[in-house]
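These exercises ask you to read a protein model step by step, with a worked solution after each task. Keep the structure in view as you work.

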Amino acid sequence: MSDPTDPTDPTDLFDYDAELHLHNELFRAAARVGSRDRVLDIGCGTGRTTREAARAAVDGSAVGVDLSAPMLERARRLSADEGLTNVTYQQADAQVHRFPPPRFDLCISRFGTMFFADPVAAFTNIGRALRPGARLVLLVWQERDRNEWATAIRRTLTDAPAAPAAPLAPDPFSLADPTVTEGILAAAGFTDVSFTDVHEPVYYGPDSATALDAVLRLWEVKDLLAGLDATPAEQARTRLRTMLDAHHTDGGVYFDSRAWIVTARHNQPQSPSPTNPAHDPRSAK
């Protein structure tokens, strides 16, 4: 997710599905969910990617995991409305949750893996839920300065530069560096890591008024405005409206963005070999 809204407030859910609809088409194609796949969706939010996986896995299943109870409540309702019977949801922290023994063929996450306190531990834990050779498909943001939605909105509200993204720390851009991300995944037991550039705009609404309402739901915007007195805060909101007007096109309000589709495989454990005493359990003393 690009910048989470309050996960405890069901009336304050940012519409990530609308924001990311162009990204989602590319992500779904990269996931290539098979008809018999058992899919784990990390940071599933309101469940669009989980439901899409469940529809593709007609003889398989999909499990969505997220921290937000209101988002999962909406996900369950939407799944029921669509008559999906092979999808379930769990409220859990994927970094520490005790997943069942290795069973999933595919793990997907659309902007749901950048906020782990310990990403190596988190991906290691996720790996325990995956069968050997299972695929991992992630969508993550590239650097902040390549994402206009982040830079333009912040610049409108404050002259203070954003703190640099800290790899190995919770941040929307923590997996932006391919070298760092590949190292994290390798340490967690994944191989064949690859990165595909995604250059698509994000959508904030059909008009600037709707976009302003959406932007005001974002945590970073709330925090920046909360630090201002009444008059400067109103001036900042006016600047936001002007900036959003400038991004209004015939198709709605859009901002440029760059992301990575990251793919990898869960490493096949090495089987004990009777010809190698180091791997032969019978040689143990």
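**Exercise 1. Find which residue of strand 9 stands opposite threonine 249, and then work out how the strands around this pair are arranged.**

Solution. Begin with the pair itself: the residue of strand 9 that faces threonine 249 is glycine 252. Strand 8 and strand 9, the latter made of residues 252-255, are paired in the antiparallel sense over two bridges, and the hairpin that joins strand 8 to strand 9 passes through two residues.

Now turn to strand 7, which is also antiparallel to strand 9 and is paired with it over three bridges; here glycine 205 stands opposite valine 253. Putting the strands together gives an open sheet of three strands in the order 7-9-8, with antiparallel pairing. Strand 7 (202-205) and strand 8 (248-249) each have a single partner strand and stand at the edges, so one side of each is left without a neighbour in the sheet.

Helix 6, residues 148-157, lies across strand 7 and strand 9 and runs at about 100° to strand 9, while helix 8, residues 208-215, lies across strand 7 and strand 9 at about 105° to strand 7.

**Exercise 2. Determine the strand order of the open sheet of seven strands, and say which helices pack on it.**

Solution. Reading across the sheet gives the order 3-2-1-4-5-10-6, and the pairing is mixed. The edge strands, each of which pairs on one side only, are strand 3 (87-91) and strand 6 (190-198). On average, neighbouring strands of this sheet are turned by 15° against each other, if direction is ignored.

Helix 4 (residues 69-81) touches strand 2 (61-66) and strand 3, and its direction makes about 170° with that of strand 3. Helix 5 (residues 119-128) touches strand 1, strand 4, strand 5 (130-141), strand 6 and strand 10 (259-266), with its direction at about 140° to that of strand 5.

**Exercise 3. Describe how helix 5 and helix 7 cross, and which residues meet there.**

Solution. Two packed helices are described by the angle between their axes and the distance between the axes. The axes of helix 5 and helix 7 (residues 178-187) cross at roughly 50° and come within 8 Å, which makes helix 5 oblique to helix 7. The handedness of this crossing is right-handed.

At the contact, Pro119, Val120, Phe123 and Thr124 of helix 5 meet Ile184, Leu185 and Ala187 of helix 7. Sorting these contact residues by kind gives six nonpolar, one polar and no charged.

**Exercise 4. Decide where this model should be read with caution, by looking at its pLDDT.**

Solution. Remember that this is a predicted model. For the protein chain, the mean pLDDT is 88, and 87% of the residues reach 70 or more. Over residues 1-11, however, the pLDDT is below 50, although this stretch has 43 contacts in the model beyond near neighbours in sequence. Residues 270-285 also stay under 50, and for them the model has eight contacts beyond four places in sequence.

Note on methods. Residues are numbered from 1 along each chain as its sequence is written. This is a predicted model: local features need pLDDT of at least 70, side-chain atom pairs count only at pLDDT 80 or more; totals for chains, interfaces and linings use all residues. Side-chain values use heavy atoms; hydrogens and water are left out. Two strands pair if DSSP finds at least two bridges between them. Helices (H or I, at least four residues) and strands (E, at least two) are DSSP runs, numbered from the N terminus. Axes are lines fitted to C-alpha atoms, for helices over the stretch in contact, and angles run from 0 to 180 degrees between N-to-C directions. Contact means heavy atoms within 4.5 Å. pLDDT is the predictor's confidence in each residue, from 0 to 100. Angles under 35 degrees count as roughly parallel, over 145 as roughly antiparallel, 65 to 115 as roughly perpendicular and the rest as oblique. A crossing is left-handed if the near helix is turned anticlockwise from the far one by less than a right angle, and right-handed if clockwise. Ala, Val, Leu, Ile, Met, Phe, Trp, Tyr, Cys and Pro count as nonpolar, Asp, Glu, Lys and Arg as charged, and the others, Gly among them, as polar.
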